[in-house]
There are 2 protein chains.
Amino acid sequence: MTSDDIARTAVAETTSGKVPGTSKPIFPRLCLIGLGLIASSVAWAAKRDGLVDEIVGTARSPETMARAVELGFVDRAVADPAEAVAGADLVMLCTPLSTFAELAERIAPNLKPGAVLTDAGSVKHTVIKDVGPFVPDGVHFVPGHPIAGTEHSGPDSGFADLFKGRWCILTPPEGTSAEAVDRLSEFWTSMGAMIEVMDAEHHDKVLAITSHLPHLIAYTIVGTAVDLEESTKEAVIKFSASGFRDFTRIAASDPTMWRDIFLSNREATLEMCQRFSEDLTALQRAIRWGEADKLHELFTRTRAIRRGIIDANQA
Amino acid sequence: MTSDDIARTAVAETTSGKVPGTSKPIFPRLCLIGLGLIASSVAWAAKRDGLVDEIVGTARSPETMARAVELGFVDRAVADPAEAVAGADLVMLCTPLSTFAELAERIAPNLKPGAVLTDAGSVKHTVIKDVGPFVPDGVHFVPGHPIAGTEHSGPDSGFADLFKGRWCILTPPEGTSAEAVDRLSEFWTSMGAMIEVMDAEHHDKVLAITSHLPHLIAYTIVGTAVDLEESTKEAVIKFSASGFRDFTRIAASDPTMWRDIFLSNREATLEMCQRFSEDLTALQRAIRWGEADKLHELFTRTRAIRRGIIDANQA
């Protein structure tokens with residue numbers, strides 16, 4: 001038994017009691033590029049469930065790599081991404097979207113034939129545009145998006161149950177190997193996620209309203225509060241009621257990641273934002289002119305959506 | 001022992017084991033006008049902690065009154081509010097804000113000298129304007145606002161711990177008896193709340209940004225989603241991510257209550273909404289023109305507010 005084996009056994013025993021190696025791993029070697037919340041959660045889950053034999057990690061910052069090794073969710077850290085991907089059966093990009101094009105260009109020559117290349121980015125059409133052209137023949141490119149997260153970031157924030165009961169959306173471009181999509185699906189479902197395959201543009205439109213616009217709004221309203229005069233701001237923090245408290249949690253999300261999401265999903269986010277602004281203006285007007293019935297009617301309609309979400313088990 | 005006594009003893013024993021009557025109640029008779037989430041929670045907490053001897057309830061709907069008696073959080077239900085308040089030491093208005101003026105006029109002649117009249121309304125300057133003129137000499141009018149709630153409403157939604165660790169803001173007009181304010185404060189703190197006394201206008205401005213605007217925005221964005229074409233709407237419900245999911249919970253709040261809040265706190269809500277819209281427009285513009293640094297800078301600033309709220313133990 002090597003020291004790596006011992007480390008992995010210890011992880012497996014303390015988290016689920018499973019002994020690794022009792023079933024064939026889905027991807028013998030996993031390479032994680034970027035070692036934040038998503039990557040560390042994937043690593044913990046994949047180790048716990050014996051889905052991989054070895055995890056190689058790479059990150060821009062030496063401190064992050066050292067921390068990942070120290071925490072034990074990667075077996076090796078390699079500073080050069082091109083070197084890190086060599087021999088990997090699954091390569092997952094877990095860095096902010098703005099880094100994808102350059103990373104793809106760097107790692108492409110070293111990708112192993114037959115390997116699956118995926119990512120965890122929140123916008124999919126730009127990933128296909130940025131990464132697609134660099135993918136060599138014989139490598140299977142299957143973009144993915146696990147709809148899971150917390151307001152925490154960095155290598156210490158991951159946990160094996162992050163994806164349990166959450167959706168992971170795959171957006172393979174036309175002509176992608178069905179076998180590769182199936183294998184990646186099995187990897188995610190083994191970590192507890194549910195899989196949906198859809199078109200990248202549809203994904204980006206849906207996420208614009210369910211995730212990107214809510215984050216944009218949360219950042220905005222918390223920013224509006226920051227700009228209030230000091231005495232009001234103190235009271236805002238002290239008496240932070242349910243609505244605002246939820247918004248501050250959302251607005252504590254990783255700034256680089258979200259900057260990239262908005263810039264990548266620019267058109268869909270701006271389109272949804274425009275619709276929202278029109279609707280808000282209409283509501284403002286109804287308040288100003290005391291249109292009680294109009295307000296009551298809308299507030300009643302919005303209750304139904306909540307029931308739909310509760311029925312869909314996403315509440 | 002009367003049957004009322006037996007009912008109360010049973011409630012006390014099953015919830016906290018306390019036997020009522022072992023310490024002097026703060027208000028021997030409590031009258032609750034309106035029997036929804038707040039009133040039923042006050043009733044359960046006051047009974048559990050022996051803060052009152054008797055609770056009389058009144059509501060517009062006979063079904064609500066019957067349910068309150070059946071659940072056991074009121075000892076008697078009386079259809080006529082004027083009759084219900086007779087002999088009460090504490091009268092609390094727990095109905096939507098639009099009902100306050102008419103209710104105050106009806107109950108005023110029957111209020112007991114020395115009684116405390118309070119409310120649980122979310123906007124305070126209109127309560128003082130609507131109720132104040134009717135309050136007879138010798139009755140102490142102490143407006144209040146427990147900052148607590150859930151998206152549920154009605155007599156079945158209450159629970160004794162709703163106010164535990166939450167703020168209750170009192171906004172007594174100038175000249176209010178300090179003894180009455182102290183007695184009402186003791187009532188709320190005995191139920192687990194923390195008390196802050198402030199000016200009604202300041203309250204309304206702070207709540208406009210921490211509660212009223214967030215609710216307005218949540219109603220708006222969920223409404224925007226409702227109006228999407230059917231195929232997108234289905235996906236929105238299915239893949240409802242963290243941001244949107246939180247908004248739907250807020251947007252499931254009681255429609256009548258919130259209609260009245262927006263119309264009552266019209267000026268402060270519109271002022272905050274205007275600031276918010278300007279800030280959102282600036283962000284939209286930054287996204288459209290790809291101003292990455294501006295986005296990153298704002299998203300970093302908003303994180304600090306979250307830390308402030310966590311430090312203030314409101315997260």
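Helix α11 of chain A, residues 255-264, is mostly covered, with nine of its ten residues buried. Here buried means that 20 or more other C-beta atoms, placed from the backbone, lie within 10 Å of the residue's own, and helices are DSSP runs of H or I, at least four residues long, numbered from the N terminus. This is a predicted model, where local features need pLDDT of at least 70, side-chain atom pairs count only at pLDDT 80 or more, and totals for chains, interfaces and linings use all residues. Residues are numbered from 1 along each chain as its sequence is written, while chains are lettered from A in the order in which they are written.

Among the buried residues of α11(A) are A:Trp258, A:Ile261 and A:Phe262. So what covers them? The cover includes α6, α8 and α12 of chain A, plus α12 and α13 of chain B.

That brings us to the contact between the chains, which takes 79 residues from chain A and 79 residues from chain B; two residues are in contact if their C-beta atoms, placed from the backbone, lie within 7 Å. On the side of chain A that touches chain B, α8(A) gives the most, with 20 residues. That side of chain A divides into 44 nonpolar, 22 polar and 13 charged residues. Ala, Val, Leu, Ile, Met, Phe, Trp, Tyr, Cys and Pro count as nonpolar, Asp, Glu, Lys and Arg as charged, and the others, Gly among them, as polar.

Now for chain A as a whole: it is divided into domain 1 (3-198) and domain 2 (203-311), with bounds from an automatic or database domain assignment. Their C-alpha centres lie 32 Å apart, and 14 residues of domain 1 are in contact with 15 residues of domain 2.

Technical notes:
A residue is buried if 20 or more other C-beta atoms lie within 10 Å of its own, exposed if 12 or fewer, and partly exposed in between; C-beta atoms are placed from the backbone. Helices (H or I, at least four residues) and strands (E, at least two) are DSSP runs, numbered from the N terminus.
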